[in-house]
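This report walks through selected features of one protein model.

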Amino acid sequence: MTEPPLAALDGVEHRFVALPGLTMHVAEAGHGEPLLLLHGFPQHWWGWSNVLPALAQHYRVICPDLRGAGWTDAPRTGYASEQLVADVIALLDAMQIDRARVMGHDWGALVGFLLCLQHPERVERFVALAVPHPFVRFQPRLLPALPRLWFQYAIATPVLGPALLRRGSQPLARHLLENYTSDPTAFSASDVELFIAPFREPARARAGSALYRNFIVPIFGRVLAGRYRRMRLRTPTLIMFGSDDPNMSAEILDGHQRHADDLTVQAVAGASHFLVDERPDEVVELALAFLHTGG
């Protein structure tokens, strides 16, 4: 099946970077110190299009399509945490970047947290969007979130997950984009098409399912089991979450003080999960203020 064409954005250049066992598509704009942006699901590099031009006025902004997403290769394997982090390290090495500022959304932010914990020497500062830190403890206020996460298990299920992402009107991918925002106009029809089109390729639909099965679903169990509380987050970190996101709150995100040197939590009013698409100006303002600090 022929892949859909790349979307055009003024000032953005595209390249394909050869990594060990993977060819990764990268969109890049701007000059200066590197800022690596790690997208979430079901998005790819275009998920940063609303903030990329403003960020590129200050940084060399690097937006890869992560393994299985967008226009990067979608092999059958490699969707566990170790390989996903290794992909990012390999990209930095291939681009001869010793140390970068990093911003991630959704599962890209989860990879970013692991990158900070495991390779703190590679990350200058880190901004996480719409995900909890890896030190969250189980608490009763988390229980109402469980029914809302039904889609994770549907996507993770072999055969069923790829079919839901790929076939017909692609209802599950559309559901994720259309039902987790506070602003129903956050995504245009062309945005939605750009995000769901790659899943029509069977390999990418399988990759999305493998990502949930091997990384996204397991990592939250590891978080609640305390696996990461034995580690320390030394990278200065900012977490932004939408004030309308039912799965996130300042209370849920409390308790990081014993595990992080410098972690700030900031609510973004009037937004839910897709902060970049709902409140791009506020995300840029908060991110730049934080990323500029100390550098």
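**Aromatic pairs**

Ten is the count to start from: a search of the whole structure finds 10 aromatic pairs. The model is a predicted one. Phe151 belongs to helix 5 (residues 150–156), while Tyr180 sits in the loop between helix 7 (171–178) and helix 8 (189–196), so the pair ties together parts that are 29 residues apart in sequence. Phe151 and Tyr180 are both buried.

A further pair joins Phe187 and Phe195. Their ring centres lie 6.1 Å apart and their planes are at 90°, so this pair is also edge-to-face. Phe187 is buried, and Phe195 is buried too.

Which residues form one aromatic cluster? They are Phe41, Trp150, Phe151, Tyr180, Phe199 and Tyr212.

Arg125 lies over the face of Phe290, 4.3 Å from the ring centre.

**Helix 2 against helix 3**

The axes of helix 2 (residues 81–94) and helix 3 (residues 107–118) come within 10 Å and cross at roughly 80°. Helix 2 is therefore roughly perpendicular to helix 3. From helix 2, the contact uses Ser81, Leu84, Val85, Val88 and Ile89. From helix 3, Trp107, Val111, Leu114, Leu115 and Gln118 take part. By type, the residues of this contact are eight nonpolar, two polar and no charged.

**Backbone geometry**

The peptide bond from Phe41 to Pro42 is cis, with omega near 5°. Pro42 is in the loop between strand 3 (34–38) and helix 1 (52–55).

Val159 is not a glycine, yet has a positive phi of about 70°. Val159 is in the loop between helix 5 and helix 6 (160–166). Gln170, not a glycine either, has a positive phi of about 55°. Gln170 is placed in the loop between helix 6 and helix 7.

Is Val159 buried or exposed? Its relative accessibility is 69%, so Val159 counts as exposed. Gln170 has a relative accessible area of 1% and is buried.

**Accessibility of selected residues**

| Residue | Relative accessibility | Class |
|---|---|---|
| Val159 | 69% | exposed |
| Gln170 | 1% | buried |
| Ser272 | 7% | buried |
| Gly270 | 23% | partly exposed |
| Arg174 | 28% | partly exposed |

**The loop between strand 8 and helix 11**

Ser272 lies in the loop between strand 8 (263–268) and helix 11 (275–278). With a relative accessibility of 7%, Ser272 counts as buried. Buried means under 20%. Leaving aside neighbours within four places in sequence, Ser272 is in contact with Tyr180, Thr181, Ser182, Gly242, Asp244, Asp245, Pro246 and Glu278.

Gly270 lies in the loop between strand 8 and helix 11. Gly270 is partly exposed, at 23% relative accessible area. Not counting residues up to four places away in sequence, Gly270 touches Ser182, Ser243, Asp244, Glu278 and Arg279. Ser182, Asp244 and Glu278 are also among the contacts of Ser272. Gly270 and Ala289 are 19 residues apart in sequence, and their C-alpha atoms are 20 Å apart in space.

**Helix 7 and helix 8**

Which residues of helix 8 are buried? They are Asp191, Val192, Leu194, Phe195 and Ile196. What covers them includes helix 7.

Arg174 lies in helix 7. Arg174 is partly exposed, with 28% relative accessible area. Leaving aside neighbours within four places in sequence, Arg174 is in contact with Ser169, Val192 and Ile196. Val192 and Ile196 are among the buried residues of helix 8. Arg174 and Pro120 are 54 residues apart in sequence and 36 Å apart in space, C-alpha to C-alpha.

How values were computed. Residues numbered from 1 in each chain as written. Predicted model: local features only at pLDDT ≥ 70, side-chain atom pairs only at ≥ 80, totals over all residues. Heavy atoms only, no water. Phe/Tyr/Trp six-rings, centres within 6.5 Å; stacked < 30°, edge-to-face > 60°. Helix = DSSP H or I, 4+ residues; strand = E, 2+ residues; numbered from the N terminus. Buried < 20%, exposed > 50% of the residue type's maximum accessible area, 1.4 Å probe, protein only. Lys NZ or Arg CZ within 6 Å of the ring centre and 35° of its normal. Axes fitted to C-alpha atoms, helices over the stretch in contact; angles between N-to-C directions. Parallel < 35°, antiparallel > 145°, perpendicular 65-115°, else oblique. Contact = heavy atoms within 4.5 Å. Nonpolar A, V, L, I, M, F, W, Y, C, P; charged D, E, K, R; others polar.
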